[in-house]
Amino acid sequence: MQRRLTAPPRPRVTNHLEPLHTPHEPRTLHGPPAGEVVDQSTTYGRLWTLAQNLWWTWHPEVMAIFRDLEPVRWRQLDHNPVALLSEFSAQRLEQRANELVLHSRIHYAYRRLNEYLHTTGTWADTHVGMLRAKPVAYFSAEFGLHESLPIYSGGLGVLAGDHLKSASDLGVPLVAVGLFYDQGYFNQRLNRDGWQQEEYLDVEVGLLPITPARTATGEPLTISIATRGHSLLARVWEVRAGRCRLLLLDSDIEGNRMEDREVTARLYGGDHRCRLRQELLLGVGGVKALTALGIRPGVLHLNEGHSAFATLELTHDRMCESGLSFEDAAREVAQLTTFTTHTPVPAGHDRFSAGDIEEHLGPLRDSLGLSHDELMRLGRVDSDNPQEPFCMTVLALKMSRRANGVSAEHGRVSRRMWQVLWPQRDLETVPIGHITNGVHIHSWLAPQMHQLFDRHLGTKWHRYCGQAETWAGIDAIPDGEIWETHQVLKLRLIDFVRRRSARTASRRGQSIEQVEAARAALSPDTLLVGFGRRFATYKRATLLATELDRLAALVNSTQRPVQFVYAGKAHPHDEPGKQLLWEIAQLTTDPRFIGKFVFVEDYDINVGRHLVQGVDVWLNTPRRPLEASGTSGQKVVLNGGLNLSVLDGWWAEAYDGLNGFAIGKGQTHVAIDIQDSRDSDDLYDVLEQQVLPLYYDRDRDGIPVAWIARMKHAMRTLGWRFSADRMVMEYAMHAYLRAAGGMSCDMP
């Protein structure tokens, strides 16, 4: 196989990163003072009420109101309505609403929000009503609800955000717990050599839709966690997402040492010790926050092992309340705990030394009546091995009665990985099931596609999007209508990429010709393949770069050309991942690929939304079986794109031969280089022999009839199956009800 790329030059060291976003003139901020209740009978008050509940993030008609107020500022402010409204006085806002005739739209949106919040007879009321008295506490280290609230890094956080939104829509009583990162993850730019540079920006709390969580007496809530030598303090913020609450713990407060104030500065930042302190704050601190707010959960859902310490704090609470022994209290807590694992490789599970565990969990261990060795055994595979570190996933598995992977294949991988914890069981009886991830349809479906569905599926289709019958009408949509809608979304994506690329070229000081070339990148008439995800090595972002001459022939074909748009971040400490990203960056400057192979910087929810809504084909190339689930391809299906993916994660159970394209046949090889070579060859073969011929086969009206048939089949068969509504309903019926003491089916 040909490889053009060799070892890259060392990145230049700089002491200053120019801002990713153009600085704006100083502005006067308005808005209601912190904690003040606005007059909701006014346009001003109703807009602020809408802005402070993230319900608006999955209602395009409400987003359109904010955008119409000031379209340029809306984009500059990362679609943040709180920041936007803060620039308006009440008088100016009223004037602007008059100019744009917005009053009826604002009042209608306000009424809809109130009806939504107070509606009874939801799915949960009917099917899992007992949870109202025993709510779900959902713990996750990150939540990706919207780009304006930067407390997420990627798939895990976006999945948690979608879970929260669907729980709200279904009426599932759920309160979520996470951490507030005042510097977020990081903003990304590539320097002139193509190396990723990270930039951290302080988030202005006053410009976010968060408020202090308050106790029954109205005081802002602060919690304290005892460790050996000192206490770790945190304030608690609250976010409203529809009917659900999200509590965020923040350690940047007076009374903490400087080291502790920085614990929640960055998502997945800092060293191993910082990571442990974050997980202590999330798990132990999260339970303390719930208790202080009078919330007694009937279900504890751990989204990955980061929050596993919550089980120990909850056990301590049970011991204090009931006088139970540790063993009996732990048994009760395990009964109400559901654990979802997302990591299919052993190295991806957090492990900590005995010394670090004692320093941070020592006081809690004392309260539990456990010896140091007894506590360590809870986090060890081999309980009798004093050299084995403490594993958070092992603790979560031992302290829960229900555990699941996030796809059928990942469930099998997880059973193999953790069978050692149940040596007396056969592989198939290891108590780890699966609930395949899904996506929140209304967050990821383009407004244009939503309108198309309204016309052909009925205006109430969105209430039942987790049911197969809802999608039956897809086949009846006229080919021309669905194709035109898809083309509009594709043009929207291309316009977005061109603007971003031109801005990047200008920021780098490139020539006028290069800036203009960026403004002309990509063609609406050419098959567009998208790739957007974390640049971890197992995701193999450079699988196409193994045969550059063959790739150039495809890209520059006069009959059936193809073009690519890539986006994604490498973890700041992942040098191999950065190397892969550098290789992709080199392709964008190769004369053979300029304007036809584009990389979009600073991948976030906004970039992801444009990509999944506008591409023709979504490329996914993980090294099987290391993709736990993957959800980006599910978002693409909703908007008429087709998947071209390795048969791993969700695609392994979704692909039926007619709803997309498969790379390989689901086989693996013990030699990684052989597996990669086979998959690369198969990727090219599928592109050349299946994807391109089908896309360019047109009728006399220029409509790709066979391609559209595949689009419709994918939407009809996959839209409901891989929705977050279906996912949350499965959790509620198969896990939450059982945890709360109700009757349900077995875990699938």
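User: Where is the place of His316, and in which helix?

Analyst: His316 sits in helix α11, which spans residues 310-322; helices here are DSSP runs of H or I with at least four residues, strands are runs of E with at least two, and both are numbered from the N terminus. This is a predicted model, in which local features need pLDDT of at least 70, side-chain atom pairs count only at pLDDT 80 or more, and totals for chains, interfaces and linings use all residues. Residues are numbered from 1 along each chain as its sequence is written, and side-chain values use heavy atoms, with hydrogens and water left out.

User: Why does His316 count as buried, and which residues does His316 touch?

Analyst: Buried means under 20% relative accessible area, exposed means over 50%, and partly exposed lies in between (1.4 Å probe, protein chains only). His316 has 18% relative accessibility and therefore counts as buried. Leaving aside residues up to four places away in sequence, His316 touches Leu364, Ser367 and Leu368, where contact means heavy atoms within 4.5 Å.

User: What makes α21 and α26 parallel, perpendicular or oblique to each other?

Analyst: The axes of α21 (residues 548-555) and α26 (residues 672-696) come within 11 Å and cross at roughly 15°. Axes are lines fitted to C-alpha atoms, for helices over the stretch in contact, and angles run from 0 to 180 degrees between N-to-C directions. Angles under 35 degrees count as roughly parallel, over 145 as roughly antiparallel, 65 to 115 as roughly perpendicular, and the rest as oblique. The conclusion is therefore that α21 is roughly parallel to α26.

User: Which residues of α21 and α26 meet, and of what class are they?

Analyst: Arg550, Leu551 and Leu554 of α21 meet Asp681, Tyr684, Asp685, Leu687, Glu688 and Leu692 of α26. By class, this contact of α21 with α26 has 5 nonpolar, no polar and 4 charged residues, given that Ala, Val, Leu, Ile, Met, Phe, Trp, Tyr, Cys and Pro count as nonpolar, Asp, Glu, Lys and Arg as charged, and the others, Gly among them, as polar.

User: Why are α8 and α28 described as roughly perpendicular?

Analyst: Helix α8 (residues 155-170) and helix α28 (residues 724-739) pack at an angle of about 75°, with their axes 9 Å apart, and this angle is why the two helices are called roughly perpendicular to each other. The contact involves residues of α8 including Leu159, His163 and Leu170, and residues of α28 including Met727, Val728 and Tyr731. By class, the contact of α8 with α28 has 9 nonpolar, 2 polar and 2 charged residues.

User: How do you know on which side of α18 the buried residues lie?

Analyst: In α18 (residues 447-457), Met449, His450, Leu452, Phe453 and Leu457 are buried. They cover an arc of only 160° around the axis, which means that they lie on the same side of α18; the arc is that of the directions from the helix axis to the C-beta atoms. Their cover includes α17 (441-444), α19 (479-507), α24 (632-638) and α27 (705-718).

User: What is the phi of Glu304, and why does Glu304 count as buried?

Analyst: Glu304, a residue other than glycine, has a positive phi near 80°. Most residues other than glycine have a negative phi. Glu304 is placed in the loop between β9 (299-303) and α11, and counts as buried because its relative accessible area is 5%.
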